[in-house]
Amino acid sequence: MTGGPLTVVVTGGSNSSGIAVARAFALAGHRVFTIGSNEARIRAAAAEAGNDVTPLVCDLSRLESVRELASEIHGSSERVDGVIHLVGGWRGAKGIEDQPDEDWSTLEQSAITTLRNVSRVFYKDLASSPTGRFAMVSSTAVAAPTAGAATYAAAKAAAETWTLAVADGFRRDQSGNSGIKDEPVEQHSAAVVFVVKSLLDAAMRREHPERKFPGYTDVEDLAAAAVGLFDKPAAELNGQRLLLAK
């Protein structure tokens, strides 16, 4: 991994993928802030992830709360180098006609609004970091949506679109496009989308030992991919949809 220790923010840190990602970065020697909406859950998750993981509570659907979160992190760290956004959720129905408005409202908040808020607040950090990285987890359903998963696929597609726009922002700010002809800025920040069919953890395997989970991505593999983002050139990564489904 390039350079010294990094400061990484893991949102959605209370779930199994958040724990795995936070643990992987901590084991690699980096400072990790893991974020959740429930204090008891995020504290327990951080303890499971490792001693060097700091739990923080934030309602990521509220822009002002995310700004307060950033101020708190900046109080003990000069800059955030990476944001791994793992907030999402699942809603499904039988078909197009019975897609509830409540499901859309829920996913709009969890999958889209949280991502918009986090990316806007931490954009300057990531753009100024020598190795800035922003990543979200999307679904193969975006490329092959079904009627039953219409709400879910549409929300994920919107989140992907926003993330690719963040990538374009990095590209315009960097890649020699800084507007300063004598001091062009090389690409050093990147925004990417991890694409999975579904995530798999140890608890799911224990609960369903008879299942093979074809095409699922283990949360440990997701964690390794997240850490690996900092080993690859930003210009190679920026704006990519990285398929992790097997």
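## The largest pocket

Strand β5 (133-139) gives the most to the lining of the largest pocket, with three residues. This is a predicted model, in which local features need pLDDT of at least 70 and side-chain atom pairs count only at pLDDT 80 or more, while totals for chains, interfaces and linings use all residues. Residues are numbered from 1 along each chain as its sequence is written, and side-chain values use heavy atoms, with hydrogens and water left out. Helices (H or I, at least four residues) and strands (E, at least two) are DSSP runs, numbered from the N terminus.

How many residues line the largest pocket? There are 32, and N15, L86, V87, G88 and G89 lie nearest its centre. Alongside β5, the elements that give two or more residues to this lining are α1, β2 (31-36), α5 (150-173) and β7 (199-200). The space in the pocket comes to about 690 Å³. By class, its lining has 13 nonpolar, 14 polar and five charged residues. Here Ala, Val, Leu, Ile, Met, Phe, Trp, Tyr, Cys and Pro count as nonpolar, Asp, Glu, Lys and Arg as charged, and the others, Gly among them, as polar.

## The cavity

On a 1 Å grid over the protein atoms alone, a cavity is a set of points where a 1.4 Å probe fits but cannot get out; a pocket is an open set with protein on both sides within 12 Å along at least five of seven lines, and lining residues have an atom within 4 Å of a point. Grid points are joined across faces, edges and corners, and a volume is the space filled by probe spheres set on the points.

The structure holds one cavity of 30 Å³ or more, and about 40 Å³ of space lies in the largest cavity. Which residues line the largest cavity? They are H85, V87, A111, L115, M136, V137, K156 and A159. At least two of the lining residues come from each of α4, β5 and α5. Six of the lining residues are nonpolar, one is polar and one is charged.

## Helices α4 and α5

Helix α4 (residues 101-128) packs against α5 at an angle of about 10°, with their axes 9 Å apart. Axes are lines fitted to C-alpha atoms, for helices over the stretch in contact, and angles run from 0 to 180 degrees between N-to-C directions. α4 and α5 are therefore roughly parallel to each other (angles under 35 degrees count as roughly parallel, over 145 as roughly antiparallel, 65 to 115 as roughly perpendicular and the rest as oblique).

Contact means heavy atoms within 4.5 Å. Among the residues that meet are W104, L107 and Y123 in α4, and W162, V166 and F170 in α5. The residues of this contact divide into 16 nonpolar, four polar and four charged.

## Helix α1 and its partners

The axes of α1 (residues 16-27) and α7 (residues 219-228) come within 8 Å and cross at roughly 45°. These two helices, α1 and α7, are therefore oblique to each other. On the α1 side the contact includes A20, V21 and F25, and on the α7 side it includes L222, A223 and V227. Nine residues of the contact of α1 with α7 are nonpolar, two are polar and two are charged.

α1 also packs with helix α2 (residues 39-49), at an angle of about 45° and with the axes 8 Å apart. α1 and α2 are therefore oblique to each other as well. I19, A22 and R23 of α1 make the contact with A45, E48 and A49 of α2. Of these contact residues, four are nonpolar, none is polar and two are charged.
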